[in-house]
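These are my notebook entries on a single protein chain. I set down what I looked up, in the order in which I looked it up.

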Amino acid sequence: MTKRLTEKQKEEMVRSFKSGMAFDVLSQNYSCTKSTIIRNLKKNLGEKKYKELVNKNNSLKGKNKKGTNLTNNLLNSNLDDKTSKKATENVQTLGENRNDSKFLSFESFFEIPPLDYEIENAPRKELSSVPISEVDFPKVVYMVVDKKIELEIKLLKDFPEWDFLPHDDLSRKTIEIFFDLKLAKRSCNKEQKVLKVPNTDVFRIAAPVLLEKGISRIVCAENLIAL
């Protein structure tokens, strides 16, 4: 069950995210799922500001990683001589104490037989999506469409919260639905409008048609739904 956050927690979460705190850390700090964190951030910041901060945080992570690698290289370079000297001292000490050591006899070792079964070497499966047959939709949802009521189709890679998935999955075509009207309006530009879907059974009925068009996922704040 998704944890309900207080207004104070939501404000603290936004400040922490603006300062560069990662999704995983926020999820742990507030004891809720990553999807809940993302939904609340989008709701409080707006879609545009949220994406700007995601890109900014990703850029900072890249710079920090390079800086860490450079620091480690410098430290390793300075420690090479010390490490080499210490290793030489350890070898000399081992040689001096070798006669006094009590080594285990070879009889104490035993052979482990090889495993007699095949290990599956299949590519990693995409386990983040939920089949549409298992999804309990609310009575009403909202979609963003253009003025001609054409669906806005995006690739899964356009959603930063799912960028941890394999490359093949990120190339999937998706449509997005919203459980909250305000959040849908924030994601709508001047050339688009919000469409109310009063009967969510339409997604199960239209699933074969969507698959024919190459659309295999529905993105929402709570789940990634597989058609």
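Entry 1, a lysine on a helix. I looked up Lys182 and found it in helix H6, residues 181-186. I took helices (H or I, at least four residues) and strands (E, at least two) as DSSP runs, numbered from the N terminus. Lys182 is exposed, because its relative accessible area is 62%; the class exposed requires over 50%, buried means under 20%, and partly exposed lies in between (1.4 Å probe, protein chains only).

I then noted that Lys182 belongs to a positive surface patch together with Arg4, Lys43 and Arg186. For such a patch I required over 30% relative accessible area and no salt bridge, with like charges joined within 9 Å. A salt bridge is a side-chain nitrogen of Lys or Arg within 4 Å of a carboxyl oxygen of Asp or Glu. Lys and Arg count as positive, and the place of the charge is NZ of Lys or CZ of Arg. The areas come from the Shrake-Rupley method with a 1.4 Å probe.

I worked on a predicted model, in which local features need pLDDT of at least 70 and side-chain atom pairs count only at pLDDT 80 or more, while totals for chains, interfaces and linings use all residues. Residues are numbered from 1 along each chain as its sequence is written, and side-chain values use heavy atoms, with hydrogens and water left out.

I recorded seven helices and seven strands, in the order α-α-α-α-β-β-β-α-β-α-β-α-β-β from the N terminus. Of the 227 residues, 30% are buried.

Entry 4, strand S6. I asked how many residues of strand S6 are buried. Five of the five, residues 215-219, are buried, so S6 is largely enclosed by the rest of the structure. S6 pairs with strand S4 (residues 173-178) in the parallel sense over four bridges, where pairing requires at least two DSSP bridges. Within that pair, Ile215 of S6 stands opposite Lys173. With strand S7 (residues 224-226), S6 pairs in the antiparallel sense over three bridges, and Arg217 has Ala226 as its bridge partner in S7. I noted a hairpin of four residues joining S6 to S7.

I located Tyr30 in the loop between helices H2 (23-29) and H3 (34-45), and Tyr30 is buried because its relative accessibility is 9%. Its C-alpha atom is separated by 7.9 Å from that of Gln9, 21 residues apart along the chain. I located Ile149 in the loop between strands S2 (141-146) and S3 (154-155). Ile149 is partly exposed, at 47% relative accessibility.

Technical notes
Patches are made of residues with over 30% relative accessible area and no salt bridge: like charges are joined within 9 Å, nonpolar side chains (Val, Leu, Ile, Met, Phe, Trp, Tyr) within 5 Å.
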